[in-house]
Amino acid sequence: MYRRDEPSALFHFLHHAHRRRVYEEQARRGLGDMGAPMILLTLFRGEQEGRQLSQRDLARQLRLSPATVAVSLKPLERDGYLVRTADERDARRNLVDLTEKGRRAVELCGEAFRAVDDQMLAGFSEQEKTQLDGFFTRMLENLGVNAEDVPPPPPRRSGKEDKRL
C-alpha cells in the first residue's frame, strides 16, 4: 500500500479532482458528461493535420485497446459528435469523423480544460508553470509516452458564438 505523500497517491487524487472539475465545467457549457473528450481532441488534431483516422488509429494514438475505443465511440456517435463509415478501400476498417457538433464540443472542452487549468494553477508563477510542464513531459517520457503524441489544445473560440451546444 502507498502513503498519502507518495507521488502515486498525489497523482491519483489530483487526477480525480481534475476530472471532477472538468466534468463540472463541461456541464456548465452544455456538454454534460461526454465520457471521452480525448477521442474528440485526437480526431480534431487529425483533421487539422489533414488525416482521417480509423478506430485502430485512435486506439494506437490514445494507447487504448481497440475494444475500449469501440465502446467509447458508441455514445459519441449516438449523441451526434462523430460519425463512423466503412473505408471504401477496406470495408473491415471503420473511419471516424467529427461532425460540426463534435467540432463545437472540442472548442467547448478546450474552454472547460483551460478554466480548470486556471483554477488549478492559480498562484503559480510563469516560471513554475514552465517547470511543471517540463516535469510532466519528462515523466511521460520516463513512462514510455512520447510527449509529441499528446494532442495540442483546441483553438480558442472568438467569444461571439453561442457557448452551449
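Predicted model: local features only at pLDDT ≥ 70, side-chain atom pairs only at ≥ 80, totals over all residues.
1. Ser54 has Leu95 in strand 3 as its bridge partner. Strand 3 covers residues 94-98 and is joined to strand 1 by two bridges, the two running antiparallel. Strands here are DSSP runs of E with at least two residues, helices are runs of H or I with at least four, and both are numbered from the N terminus. Two strands count as paired if DSSP finds at least two bridges between them.

2. Residues are numbered from 1 along each chain as its sequence is written, and side-chain values use heavy atoms, with hydrogens and water left out.

3. Back to the sheet. Strand 3 also pairs with strand 2, again in the antiparallel sense, over five bridges, and Arg84 stands opposite Val96 of strand 3.

4. Now have a look at helix 2 and helix 5. Their axes come within 10 Å and cross at roughly 115°; axes are lines fitted to C-alpha atoms over the stretch in contact, with angles from 0 to 180 degrees between N-to-C directions. On the helix 2 side, Pro37, Leu40, Leu41, Phe44 and Glu47 meet Arg103, Ala105, Val106, Cys109 and Phe113 of helix 5, contact meaning heavy atoms within 4.5 Å. The residues of this contact divide into eight nonpolar, no polar and two charged.

5. Helix 1 (residues 7-28) is worth a glance too. Its 22 residues reach 31 Å from first C-alpha to last, close to the 32 Å expected at 1.5 Å a residue, the expected span being 1.5 Å times one less than the number of residues. Buried in helix 1 are Ala9, His18, Arg21, Val22, Glu25 and Gln26, where buried means under 20% relative accessible area (1.4 Å probe, protein chains only). Their cover includes helix 2 (37-48) and helix 5 (100-120). Just after helix 1, Gly30 takes a positive phi of about 85°.

Key
Buried < 20%, exposed > 50% of the residue type's maximum accessible area, 1.4 Å probe, protein only. Nonpolar A, V, L, I, M, F, W, Y, C, P; charged D, E, K, R; others polar.
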